[in-house]
Amino acid sequence: MYSIGIITASDKGSRGEREDLSGKAIAEVMAELGEVKRYVIVPDEREALSQAMIEMADDLKIDLILTTGGTGLGPRDVTPEATLAVIDRQVPGIPEVMRAKSLEKTSRAMLSRAVAGMRGRTLIINLPGSPKGVRECLEVILPALDHGLAIMKGEAGECARS
Ligand SMILES: Nc1ncnc2c1ncn2[C@@H]1O[C@H](COP(=O)(O)OP(=O)(O)OP(=O)(O)O)[C@@H](O)[C@H]1O
Ligand SMILES: Nc1nc2c(c(=O)[nH]1)N[C@H]1C(S)=C(S)[C@@H](COP(=O)(O)O)O[C@H]1N2
């Protein structure tokens, strides 16, 4: 079981004006892979988002941080920038496959600027804002996440498949 952090980037959510169904969707889908150690709703502000990621990675040593929202083209959509500011290395295959698979469902998938990367031994992945988008993207990446996290934590020796 891995420790999981959820960050919902939402102006409305942070003001209590909309129930955060996307954060809930993440917790529900991820229950099979780990335990949610921290869950925050943050306004769409780069500094606040980066700080939440740093706290979860450095202080709480969380294995996997999943963000939802703020990946689009809106003027306040800054989750990818907040993520790029705190990661050491990108894992481009994760957003690549999320966009590719999601494009089969909606052409708007190309509008998500989501990134993924590592800060030390914490993997950070951006998901889109809608609960539907969250579920569709997690479905695509879940099969490889367990292995990726095990390798990152030094718990799996090799990638060979039988
Ligand atoms: N955390 C969330 N919980 C439930 N629904 C959401 C959430 N985030 C987004 N959605 C849904 O996706 C739609 C588009 O999301 P978008 O991020 O553009 O919303 P917004 O209202 O402009 O922004 P914000 O959530 O930052 O205030 C929303 O209108 C809502 O239906
Ligand atoms: N799988 C999937 N990806 C998706 C979507 C979706 O419904 N399903 N919505 C798209 C839309 S409409 C937008 S605008 C972008 C960015 O969303 P965000 O700004 O809420 O992060 O994600 C895209 N990615």
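Tutor: Leaving aside residues up to four places away in sequence, S50 touches A82, A85 and V86. Touching here means contact: the C-beta atoms, placed from the backbone, lie within 7 Å. This is a predicted model: local features need pLDDT of at least 70 and side-chain atom pairs count only at pLDDT 80 or more, while totals for chains, interfaces and linings use all residues. Residues are numbered from 1 along each chain as its sequence is written, and chains are lettered from A and ligands numbered from 1 in the order in which they are written.

S50 sits in helix α3, residues 46-59. Helices (H or I, at least four residues) and strands (E, at least two) are DSSP runs, numbered from the N terminus. S50 has 19 C-beta neighbours inside 10 Å, so it counts as partly exposed. The scale is this: 20 or more other C-beta atoms within 10 Å of a residue's own means buried, 12 or fewer means exposed, and in between is partly exposed, with C-beta atoms placed from the backbone. E136 is 86 residues away from S50 along the chain, and their C-alpha atoms are separated by 25 Å.

Now step back to the chain. It holds 6 helices and 6 strands. Read from the N terminus, the elements go β-α-α-β-α-β-α-β-α-β-β-α. Of the 162 residues, 36% are buried. The C-alpha atoms fill a box of roughly 45 × 40 × 25 Å along the principal axes. The radius of gyration is 15 Å, which agrees with the value near 15 Å for a compact globule of 162 residues. That radius is taken over C-alpha atoms, and the globule rule is 2.2 Å times the number of residues to the power 0.38.

Next, the sheet. The 6 strands form an open sheet of mixed pairing, in the order β2-β1-β3-β6-β5-β4. β2 (34-42) and β4 (89-90) each have a single partner strand, so each has one side left without a neighbour in the sheet. Two strands pair if DSSP finds at least two bridges between them. Strands of a sheet pair through backbone hydrogen bonds, either parallel or antiparallel.

Take β1, residues 2-9, with its neighbours. It runs parallel to β2, joined by 8 bridges. In β1, 6 of the 8 residues are buried, so the strand is largely enclosed by the rest of the structure.

β3 is enclosed too: 5 of its 5 residues are buried. L64, L66 and T68 lie on one side, I65 and T67 on the other, and all are buried, which leaves both faces covered. β3 also pairs with β6 (residues 122-127) in the parallel sense, over 5 bridges. T67 has N126 as its bridge partner in β6. Helix α2, residues 21-30, lies across β1, β2 and β3, and runs at about 165 degrees to β1. Axes are lines fitted to C-alpha atoms, for helices over the stretch in contact, and angles run from 0 to 180 degrees between N-to-C directions.

Last, the ligands. Ligand 1 has 14 residues around it, and the closest are S10, D11, K12, S22 and G129. A residue counts as near a molecule if its C-beta atom, placed from the backbone, lies within 6 Å of it. α1 (11-14) and α2 each supply at least two residues of this shell, and α1 gives the most, with 3. By class, the shell has 2 nonpolar, 7 polar and 5 charged residues. Ala, Val, Leu, Ile, Met, Phe, Trp, Tyr, Cys and Pro count as nonpolar, Asp, Glu, Lys and Arg as charged, and the others, Gly among them, as polar.

Ligand 2 is surrounded by 19 residues, the closest being T71, G72, S102, G129 and G133. Helix α6, residues 131-152, gives the most to that shell, with 4 residues. The classes there are 4 nonpolar, 10 polar and 5 charged. G129 is listed among the closest residues for ligand 1 and for ligand 2.

Key:
Contact = placed C-beta atoms within 7 Å.
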